[in-house]
Amino acid sequence: MDRPDLSWSTYSDSFAFRVATLRAGLGMTQDELAERSGLSRGAIQGAEYGRGGRPGEFKNPTLRTVYQLARGLGVRPIDLLPDGDRQVQIRSPEQESLAARAGVEEVLADVVRQRLGRDSVDS
């Protein structure tokens, strides 16, 4: 049975979106996240932009990096991973539409509320 290749660019973009959204929602700068996670600011920027050094290259963070970011953000590693709670598709579902992306933002806002111990997140 032939299986199409995974569209990594969509997952890389989704991971980057999640890291940046959570960091901003928690009111952290990239420097603060770097200090809390033990990563360099450049590593934080790379994680948030999801791009490699060459055109068309997408970041592929190591498992260690995922865990360091989760610890620095005070969230579960699963909160950073697109499709972490379901069967992996060829393409990250949240990349299909703005509505799907907004749904992910709502889930991440709940994570931020829990992390900050608040009932609402200031915009």
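## Contacts along the chain

Among the contacts (heavy atoms within 4.5 Å) in the protein with a separation of 6 or more, residues 24 or more positions apart account for 65%. The structure is a predicted model, in which local features need pLDDT of at least 70 and side-chain atom pairs count only at pLDDT 80 or more, while totals for chains, interfaces and linings use all residues. Residues are numbered from 1 along each chain as its sequence is written, and side-chain values use heavy atoms, with hydrogens and water left out.

## Fold and dimensions

The protein contains 5 helices and 0 strands, and its pattern along the sequence is α-α-α-α-α. These elements are DSSP runs numbered from the N terminus: helices are H or I with at least four residues, and strands are E with at least two.

Along the principal axes, the C-alpha atoms fill a box of roughly 50 × 30 × 20 Å.

Of the 123 residues, 36% are buried; buried means under 20% relative accessible area, exposed over 50%, and partly exposed in between, with a 1.4 Å probe and protein chains only. A nonpolar core is a set of buried Ala, Val, Leu, Ile, Met, Phe, Trp, Tyr and Cys residues joined through side-chain atoms within 4.5 Å. The largest such core has 21 residues, of which Phe15, Leu22, Leu33, Leu69, Leu73, Val75 and Leu80 touch the most other members. At least two residues of this core come from each of helix H1 (8-25), helix H2 (30-37), helix H3 (41-49), helix H4 (63-73) and helix H5 (98-116).

Not counting residues up to four places away in sequence, Leu80 touches Phe15, Arg18, Val19, Leu22, Val66, Leu69, Ala70, Leu73 and Val75.

## Two loop residues

Asn60 lies in the loop between H3 and H4 and counts as exposed because its relative accessibility is 59%. Asn60 and Phe15 are 45 residues apart in sequence, and their C-alpha atoms are 9.6 Å apart in space.

Asp83 lies in the loop between H4 and H5 and counts as buried because its relative accessibility is 4%. Most residues other than glycine have a negative phi. Asp83 is not a glycine, yet has a positive phi of about 60°.
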